[in-house]
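Good morning, and thank you for coming. Today I would like to present one structure, with attention to its helices and its charged side chains. Please look at it first.

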Amino acid sequence: MLLAEDLDPAPIIDEILELAGDIRVPVKRIARTALEAQARSEAPQGVIAHAAPLPEADLDVLCRRGANGRPPFLLALDGITDPQNVGALLRTADGAGVSGVILPRHRSAHISPTTAKVAAGAVEHLDMALVGGLPAALTRARELGVWVVGLDEGGDTSLFDLGVADQPVVLVLGAEGSGLGRLTRARCDVVAAIPLQGHLPSLNVAAAGALACFEVARRRAPTDSGR
């Protein structure tokens, strides 16, 4: 771990140093300019910790029931390139009890300093699979018995009438503006819409994703009552 030499004394710095000492992480003080040159964010705030890369989960494993016997509840992101939205969705996924996240390797925001910061620690607790193509991954999920539910303003089913929410399910969210890709939509067993009462046709993808994730979580509550 690196600390800038000119850091002012503060309780949070004392806490960081204490935690580092408890787990035997070496701490090195360097010039702020040298620290900022190594930072991958615009505001490192005088502290940098190096960590191992996040492990990649296997899609087939995510599609199986967990050790607790609960059916998988997955979230797939289709072409969402805004790291702020991806980070917010990951934070929501953790809160709603999502068991795994599917991210395409291309045309999608991945785990970056911005994403991790907005996710507020959720990236450390979610199993995430990076896949070459989302349509192929969804086809594989269906083969493994997982219902694929797309969320789109043009859906023919209300999100609140989603009958498969308590089954093995992957909830698919599309990009801002364009929504679900054509091939992705074709792999969906159900395309659900959020019934809106106002003048705007859709919600921000992070807001829509939060509503959808917690609606699925609500419907799964009897199964997950032992959590």
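This is a predicted model: local features need pLDDT of at least 70, side-chain atom pairs count only at pLDDT 80 or more; totals for chains, interfaces and linings use all residues.

Let us begin with Glu-18, which has its place in helix H1, residues 11-22. Helices here are DSSP runs of H or I with at least four residues, strands are runs of E with at least two, and both are numbered from the N terminus. Residues are numbered from 1 along each chain as its sequence is written, and side-chain values use heavy atoms, with hydrogens and water left out.

Is Glu-18 buried or exposed? Glu-18 is exposed, at a relative accessible area of 52%. The terms are as follows: buried is under 20% relative accessible area, exposed is over 50%, and partly exposed lies in between, with a 1.4 Å probe and protein chains only. Together with Asp-14, Glu-15 and Asp-22, Glu-18 forms a negative surface patch. Members of a patch have over 30% relative accessible area and no salt bridge; like charges are joined within 9 Å, and nonpolar side chains within 5 Å.

For contrast, consider Leu-171, found in strand E9, residues 169-174. Leu-171 is buried, with a relative accessible area of 1%. Leu-77 is 94 residues from Leu-171 in sequence, yet their C-alpha atoms are 8.6 Å apart in space.

I turn now to salt bridges. A salt bridge requires a side-chain nitrogen of Lys or Arg within 4 Å of a carboxyl oxygen of Asp or Glu. How many does a search of the whole structure find? The search finds nine salt bridges.

One of them joins Arg-32 to Glu-36, with 3.9 Å between the closest N and O atoms. Both residues belong to helix H2, residues 32-38, and are four residues apart, about one turn of the helix. In general, an α-helix has 3.6 residues a turn, so residues three or four places apart point the same way. Arg-32 is partly exposed at 27% relative accessibility, and Glu-36 is partly exposed at 42%.

Another salt bridge connects Asp-60 and Arg-140, at 2.8 Å from N to O. This pair links distant parts of the chain, since Asp-60 is in helix H3, residues 59-62, and Arg-140 is in helix H6, 80 residues apart. Arg-140 also meets Glu-143 in a salt bridge of 3.2 Å, N to O. Arg-140 and Glu-143 are three residues apart within H6, about one turn of the helix. Glu-143 is exposed, with a relative accessible area of 56%. Elsewhere, salt bridges with shared partners join Asp-6, Arg-32 and Glu-36 into one network.

Finally, let us examine H6 itself. After H6 comes Gly-145, which has a positive phi, near 90°.

Thank you for your attention.

Technical notes. Accessible areas come from the Shrake-Rupley method with a 1.4 Å probe; for residues, only the protein chains shown count as cover. Lys and Arg count as positive and Asp and Glu as negative; His and the chain ends are not counted. The place of a charge is taken as NZ of Lys, CZ of Arg, CG of Asp or CD of Glu.
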